[in-house]
Amino acid sequence: MYKSLEFKEILGSIYLLNKIKERITYQEVREISNEINKIDTFIYIRNTRLSNAFLQDIIGVDFMNEDIINLSDEDRQKLERCFIRLDIETRNVVNQVVRNYYQL
Amino acid sequence: MKEKKFLDTVHGYIYVPEQYCNKLIDTINFQRLRRIEQTSSRSLYPCARHDRFIHSIGTYHIGRKIINSIKNRINIENSIENSYLIACLLHDCGHSPFSHTFENLFGDITELFKIYKECIKSKGLDENIDIINIDIDKTDVKHHEIISAILCIAIYYENIIELGGNPALVARMIMGIGYDLADTKYTDVEQSLKNCFISLLHGDVIDADKIDYICRDKWASGYISLSVDVERLISSIILYKDKGTGLYNIGYEKSAVNEIKSLIESKNFQHNKIYKHHQVIYEQKLLKDSVKALTDKLAIAPNLIFNYKALLEPQRINNDNIIYMPTDDDIISLLKSNLHDNLSFQEWFSRSYNYVPLWKSISEMQSLLSIESDSLFTKLLKDGAYYDIICKKFFELANIKSFALDATPTNKKVFDNQVKIVFPSGKSIDFNKLYNYKNNSCDDITFKYIFIDKKFSQNKDKCIQIIVDVLNRKETNGQQS
């Protein structure tokens, strides 16, 4: 949906901008999502138990309870694909926030 | 017990106790739902004018059938029964205007939940002590559900008690927050039974809410898809005690397997064919852009318009506007008064769209690209980055404005242990072992509609040629092929 995303898309942005990222914590992504909403309140970031279950299905990690460490290339590409599906306006905002957050 | 009759075109006559009508339905918060559309697909299906009011009554009707079916096999405490029926009726009472489009504008979900916790504290509801410590971000609760729960405590508290319900349990059912069975303060068996009813309104795969809206949306819209034998599905619901733990679980008799499959596939159809239809997607964009332009013009934060407090008392938006019991009409009125010269709003209101899709389905995209080569279609699906390049090239090479919006099909996944089929012998099997809904065959593709400026809609051949050149990588350094 237009201007609507989940944590898996944010992860996709992180990996697109920094392919060698070794560890990502749930708290980091939560903070990034808060920053995204400060820039554009109309972006709906859906973070639920079910969306976490779908993410776990993709990458095999229960992200709400464990960090993502050294994700395989194949799984990174899946997340990047999720991110690329977003509309360009939303992607630009997410990329901007991710760059600022990690000082890229 | 005196009852009132509602004639519903989906379920036939719906009987609601007169007391429920007096204390819940004939209230301003509930009647507000008459003016909130159920779906965002009205642009596609002009007859889909059904609202959250009749959906709530329909959900109550389904809930009542579920209770009657379960009571044939086990006894249910009156408090649980009444709470469940009340929750079915009130589950959408805090819903946002325009379906789910602007739900997030009500604010941070954690902050909303804090307000709910303050409400229950103010009523001295200490039985919900576990709720105080819940990380709401790790549940499936949506904004409108928390607001409905707030209304249950702030507005309907005394009424719910008079109707024999438990307001705290009603709120839990609406939000789908089960009791933590590991917490030894609770009697596990009793709480597991309550958890079953919580799941029968707010479930992952099957619940009263879904059963009603799938049937209702299909009827109102008029589209043809699989039908669900609701009576068969509901009559198959079993609450059984697990032999190991002694806790209640929900199961379904084997006779319902096809109906469960139909329900899942109907949901997939709705999701992929209706909500991902190019017209619905484009209209959602126009509406969101219009409301954003509205808040920019009024120089206010969106949550002054989408404000849960407006469901309790009038709230001032700015010097000229007050909002109270927000409905779709209120948002449209604000848009008309303030944005009559705004392009997005004009486009949305007039339905005279300035952009048209280059293709209207995956099949059409395939047929357009396959004229050149079969591999191009696959190439575009496999690498979503091409859509951006294509839009850029449209403008560089032909001055055609365009943008792409995602419509990748996604099928509902059913995870292990979400649905159990129970046999007369007492043995149970996971539904996934019978029908595998775990895999989404569209995970590795990206399908987007490319919307082009309507002025160039006669130049589709040129657009397709540009796409073919991009995919064939014939263009380099700005040279055209």
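A cavity here is a set of grid points where a 1.4 Å probe fits but cannot get out. This is a predicted model. By this rule the count comes to two cavities of 30 Å³ or more. The largest cavity holds about 50 Å³.

Rolling a probe the size of a water molecule over the atoms shows where empty space is left. The lining of the largest cavity is made of E6(A), F7(A), K8(A), Y26(A), N47(A), S51(A), N52(A), L55(A) and F63(A). Two helices of chain A, α1 (7-17) and α3, each supply at least two of the lining residues. The largest share comes from α3(A), with three residues. By class, this lining has four nonpolar, three polar and two charged residues.

The second largest cavity has a volume of about 40 Å³. Its lining consists of V205(B), K210(B), I214(B), L263(B), I264(B), K267(B) and K412(B). Two elements of chain B give two or more residues to this lining: α11 (208-221) and α13 (257-274). Which element provides the largest share of the lining of the second largest cavity? That is α13(B), with three residues. Four lining residues of the second largest cavity are nonpolar, none is polar and three are charged.

| Space | Volume | Lining by class |
|---|---|---|
| Largest cavity | about 50 Å³ | four nonpolar, three polar, two charged |
| Second largest cavity | about 40 Å³ | four nonpolar, no polar, three charged |
| Second largest pocket | about 990 Å³ | 16 nonpolar, 12 polar, six charged |

**An open pocket**

Three elements each supply at least two lining residues: α3 (49-59) of chain A, and α10 (188-201) and β4 (248-253) of chain B. Helix α10(B) gives the most to this lining, six residues. The residues of the pocket lining divide into 16 nonpolar, 12 polar and six charged.

Two of these elements turn up elsewhere. Helix α3(A) also gives three residues to the lining of the largest cavity. Helix α10(B) also packs against α3 (residues 52-71) of chain B.

**Helix packing in chain B**

How do α3(B) and α10(B) meet? The angle between them is about 145° and their axes are 11 Å apart. The crossing is right-handed. From α3(B) come T59(B), I66(B), I67(B) and I70(B); from α10(B) come F197(B), L200(B) and L201(B). By class, this contact has six nonpolar residues, one polar and no charged.

Strand β9 (residues 420-422) of chain B runs antiparallel to β10(B), and three bridges join them. Which residue of β10(B) is the bridge partner of V422(B)? The partner is S428(B).

Strands of a sheet pair through backbone hydrogen bonds, either parallel or antiparallel. An open sheet of three strands in chain B has antiparallel pairing and the order β7-β11-β8. Its edge strands are β7 (355-357) and β8 (402-406) of chain B, and each pairs on one side only. On average, neighbouring strands of this sheet are turned by 30° against each other, direction ignored.

Three bridges join β7(B) to β11 (residues 448-453) of chain B, and the two run antiparallel. Within this pair, Y355(B) has D453(B) of β11(B) as its bridge partner.

Two helices lie across strands of this sheet. Helix α14 (residues 278-298) of chain B lies across β7, β8 and β11 of chain B. Helix α14(B) runs at about 110° to β8(B). Helix α19 (residues 385-398) of chain B lies across β8 and β11 of chain B. What angle does α19(B) make with β11(B)? The value is about 10°.

Definitions and conventions. Residues numbered from 1 in each chain as written. Chains lettered and ligands numbered in written order. Predicted model: local features only at pLDDT ≥ 70, side-chain atom pairs only at ≥ 80, totals over all residues. Heavy atoms only, no water. 1 Å grid on protein atoms, 1.4 Å probe; cavity = no way out; pocket = protein on both sides within 12 Å on 5 of 7 lines; lining within 4 Å. Points joined across faces, edges and corners; volume = space filled by probe spheres on them. Helix = DSSP H or I, 4+ residues; strand = E, 2+ residues; numbered from the N terminus. Nonpolar A, V, L, I, M, F, W, Y, C, P; charged D, E, K, R; others polar. Axes fitted to C-alpha atoms, helices over the stretch in contact; angles between N-to-C directions. Left-handed = near helix turned anticlockwise from the far one by under 90°. Contact = heavy atoms within 4.5 Å. Pairing = 2+ DSSP bridges.
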